Amino acid sequence: MKEFSQRQIETLSSFVPPDRFSMGQSNRKLHLHDISFHQGTLPAGIIWPTTTKETAKILAWTYEHGIPVTPWGAGTSTEGNPVPTRGGLVIDTTRMDRILEIRPADLQADVQPGVLRKELNRQAGKHGLFFPVDPGADATIGGMIANNASGVQTVKYGATKDYVMRLTIVLPDGEAIHTGCKAPKSSSGYDLTRLFVGSEGTLGIVTEATLRLTGIPAHHLAATIAFNQLENASAAVALMMGSGLEPAALELLTPGLIKLMNTEKELGLSESPSLFCEFHGISKTALQETANMTREICENCGAVDVKFGVEESKREELWRARHEAWETIHRAHPGKETLIVDAAIPISRYPEMVVFSQDLVDKQNAIGYVFGHAGDGNLHVVLVGDPQNKDDWQVLEDINHHIVMRAVELGGTCTGEHGIGIGKRKFMEVEHGQSYHLMRRIKELVDPKGLMNPDKIFI
Ligand SMILES: Cc1cc2nc3c(=O)[nH]c(=O)nc-3n(C[C@H](O)[C@H](O)[C@H](O)COP(=O)(O)OP(=O)(O)OC[C@H]3O[C@@H](n4cnc5c(N)ncnc54)[C@H](O)[C@@H]3O)c2cc1C
């Protein structure tokens with residue numbers, strides 16, 4: 001469908017005040033792209049509900065009239081996850097942005113889905129608490145739930161799925177349901193909360209969530225550790241993880257990316273394969289012991305430069321630079337697009353996977369930056385090119401394909417954190433086999449008309 005009829009416009013306008021429904025071209029275009037190169041189809045309109053009740057009314061109507069619906073958070077996905085592919089209505093969740101309650105004694109917060117991660121942390125911080133999942137981008141909680149986002153601190157604190165206790169969801173036909181509970185544990189029936197986490201808005205719209213929070217750590221210790229060989233850096237990762245050190249972040253960076261970061265931000269880092277790590281602890285003494293052990297492990301693996309105790313301002317600068325890696329790559333290659341590999345494998349296989357990926361990039365003479373959340377086996381390769389140049393782009397697609405196939409062979413996955421969206425659908429069957437067909441049956445059961453975020457996850 002391209003445009004709404006006059007009657008449809010009148011109905012949609014009756015659901016919300018005039019400033020919360022738009023058919024303006026600029027709003028429609030703003031909701032056509034996430035940060036990836038994936039192309040969508042211009043939605044016919046955007047609506048901004050503020051409550052479960054409004055969302056339910058809207059979805060009951062779209063369902064009855066067969067109108068495709070795409071939920072939208074902050075639009076920071078990397079695989080076309082919130083990109084409308086059949087026009088229709090975009091439900092923008094950003095005005096469902098209230099933190100309903102923070103209960104410090106329970107370590108919990110009730111939020112609407114449009115709350116931004118950083119705002120939640122500002123408010124939770126007043127109680128000495130935080131929501132530790134940190135994808136870098138200031139994403140909405142709804143978008144993070146839908147993508148099961150994670151980030152640099154997942155190695156210690158876990159992914160979004162580990163923090164979602166209870167959800168209110170409006171199903172594609174407009175029925176509102178609750179899943180889960182506010183008790184710290186439950187073994188009551190099927191875990192529907194986990195079904196909706198990571199479902200990328202294909203099963204319904206999250207309109208409220210109860211999240212677990214955790215205490216802000218008393219002390220931090222950051223380190224940069226340089227190696228002269230990539231194999232050595234990645235080998236140190238498995239040893240550190242196996243030694244009980246429990247890093248709060250353990251990131252691998254390769255020289256090409258560090259060079260770009262140095263050029264842009266004058267960081268003065270050694271341009272060799274490196275680990276950025278951070279440890280959180282209850283005392284400085286405990287962290288000192290951690291530092292000693294880390295140094296020993298890394299030097300045994302051939303580390304050539306181990307710098308500990310990175311002071312606070314430098315620590316923030318370092319993590320900001322790491323979080324902005326993707327933007328830095330884009331700025332270094334103006335006019336180009338990126339294809340982001342997001343494979344994850346068991347940590348024991350991380351070293352060979354890193355070398356395999358770097359070799360593929362080098363052999364193909366492609367532009368590609370290898371790095372990753374090494375501590376949780378998540379490898380990124382940001383491949384740079386021009387999707388309009390079909391032959392060159394195919395080289396990047398082939399590299400992605402080889403890396404994913406290798407990851408799946410090693411017992412891993414095509415996506416550690418970004419989700420399937422449009423871009424990774426082709427890997428679903430090979431990764432999941434029969435389970436992929438069960439997922440499809442679940443989708444058909446919950447959304448028999450196929451209206452919720454169509455063309456995502458499934459081909
Ligand atoms: C620079 C950069 C770095 C990033 N690094 C990471 C990283 O380290 N780890 C990581 O996990 N991700 C990362 N991402 C990807 C992205 O930030 C996350 O996937 C994030 O969770 C997306 O949230 P969003 O609010 O932007 O959601 P959107 O992109 O708007 O939407 C994401 C998905 O959620 C659905 N959706 C949105 N709201 C709802 C709702 N209320 N109910 C149901 N479905 C909904 C959408 O339809 C879509 O399928 C990065 C992105 C950028 C730009």
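This is a predicted model: local features need pLDDT of at least 70, side-chain atom pairs count only at pLDDT 80 or more; totals for chains, interfaces and linings use all residues.
Residues are numbered from 1 along each chain as its sequence is written, and side-chain values use heavy atoms, leaving out hydrogens and water.

- Five strands make an open antiparallel sheet in the order 5-6-10-8-9 (strands are DSSP runs of E, at least two residues; helices are H or I, at least four; both are numbered from the N terminus).
- Strand 5 (99–103) and strand 9 (176–180) sit at the edges, each pairing on one side only (pairing takes at least two DSSP bridges).
- Strand 8 (residues 164–170) runs antiparallel to strand 9 over five bridges, and I169 has I177 in strand 9 as its bridge partner.

**The second largest pocket**
- This pocket lies between domain 2 (99–215) and domain 4 (333–439), because both give residues to its lining (domain bounds come from an automatic or database domain assignment).
- Its lining counts 38 residues, with N148, V197, G198, S199 and H432 nearest the centre (a pocket is an open set of points on a 1 Å grid over the protein atoms alone, where a 1.4 Å probe fits, with protein on both sides within 12 Å along at least five of seven lines; lining residues have an atom within 4 Å of a point).
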